[in-house]
Amino acid sequence: METISENACFGGTQGVYSHPSKSCACDMTFGLFLPQEVQDGPAPLLWFLSGLTCTHENAMIKAGAQAWAAEQGIALVFPDTSPRGDGVADDEAYDLGQGAGFYVNATQAPWAAHFQMWDYVTQELSSLLGRNFDLDMDRQAITGHSMGGHGALTIAMSLPGRFRSVSAFAPIANPMASDWGRKQFAAYLGDDQSTWAAHDATHLMREKGFDGPVLVDTGTKDQFIDLLKPEAFAEAANARRQQAILRLQPGYDHSYFFIATFMEEHIAFHADALYA
């Protein structure tokens, strides 16, 4: 693992690191904020999965998360959204290929050789963090934005016991019923839609739910709200009687201004679960 940068940040350290990834067969980069509390012992960990076109940098720089994480003594990890490099398959469209991994393990050519983001996030990066940093891997929570909100919800519901809480900002909540989902799932996973269901948060909510608190915020002026389908996820949560806070925030759009506005509440929400 290579240290790209480390900067003092709200009493802790904001680092950026790269490493060769076996899952993605290329070098991967991630950001990690460690609060000053790690000087006294392991810190709980909150994952932030970013959305389409993003790298590890977007949320790390724009979300305003470190101040609130420092206040709560929580570490933050910001993975990249896809494999990258000259030998990695890509597409001219912004919503497929590099920057658009959708947190799945691709099974179809040309994507399968590198696009194994499910294994990268849930296994490889998790293991690397536990080995190399002073983190309490028994206390984890997960959040994300848009495509990353989709990833956070699907990963949390698919790995019972791994995360104490899950939240999302404007998640792609029902990708099997959306142009943001059908296109990517067909490309990455093939035409058999039975393989898609494991990566649809609304389907997983109906079938599994989450054994813990859930928080989802979506702006009423989100320019992509018809693709996000928050109402489908809400219906599934209500039908399951899932413990959840599902909010439509008046006037907010899909931007990082929206994320930054509600980040304090999301980190406090996760802190309640991580320190329970």
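This is a predicted model: local features need pLDDT of at least 70, side-chain atom pairs count only at pLDDT 80 or more; totals for chains, interfaces and linings use all residues.
Helix α8 spans residues 230-240, and its buried residues are Pro230, Ala232, Phe233, Ala236 and Ala237. These residues lie on the same side of α8, because the arc they cover around the axis is only 165°. Such a pattern follows from helix geometry: an α-helix has 3.6 residues a turn, so residues three or four places apart point the same way. On the face turned away from the buried side, α8 carries the exposed residues Glu235, Asn238 and Ala239. The buried residues of α8 are covered by elements that include the helices α4 (147-158), α6 (201-207) and α7 (225-228), together with the strands β8 (214-219) and β9 (244-249). After α8 comes Arg241, which has a positive phi near 60°.

Ala198 is placed in the loop between α5 (179-189) and α6. Its relative accessibility is 38%, so Ala198 counts as partly exposed. Apart from neighbours within four places in sequence, Ala198 is in contact with Thr154, Ser158 and Leu204. Of these contacts, Thr154 is 44 residues away from Ala198 along the chain, yet the C-alpha atoms of the two residues are separated by 7.4 Å.

The loop between α4 and β7 (166-169) contains Ser165. This residue counts as buried because its relative accessibility is 0%, the cut-off for burial being under 20%. A polar contact of 2.7 Å links the side chain of Ser165 to the side chain of His270. When residues up to four places away in sequence are not counted, Ser165 touches Gln140, Ala141, Ile142, Phe210, Pro213, Phe269, His270 and Ala273.

Gln14 is part of strand β2 (residues 12-21). With a relative accessibility of 8%, Gln14 counts as buried. The side chain of Gln14 makes a polar contact of 2.9 Å with the side chain of Gln66. Gln66 is also one of the residues that Gln14 touches beyond four places in sequence.

Key. Residues are numbered from 1 along each chain as its sequence is written. Side-chain values use heavy atoms; hydrogens and water are left out. Buried means under 20% relative accessible area, exposed over 50%, partly exposed in between (1.4 Å probe, protein chains only). Helices (H or I, at least four residues) and strands (E, at least two) are DSSP runs, numbered from the N terminus. The arc is that of the directions from the helix axis to the C-beta atoms. Contact means heavy atoms within 4.5 Å. A polar contact is a pair of N or O atoms within 3.5 Å; within protein, one must be able to donate a hydrogen and the other to accept it, and residues adjacent in sequence count only if both atoms are side-chain atoms.
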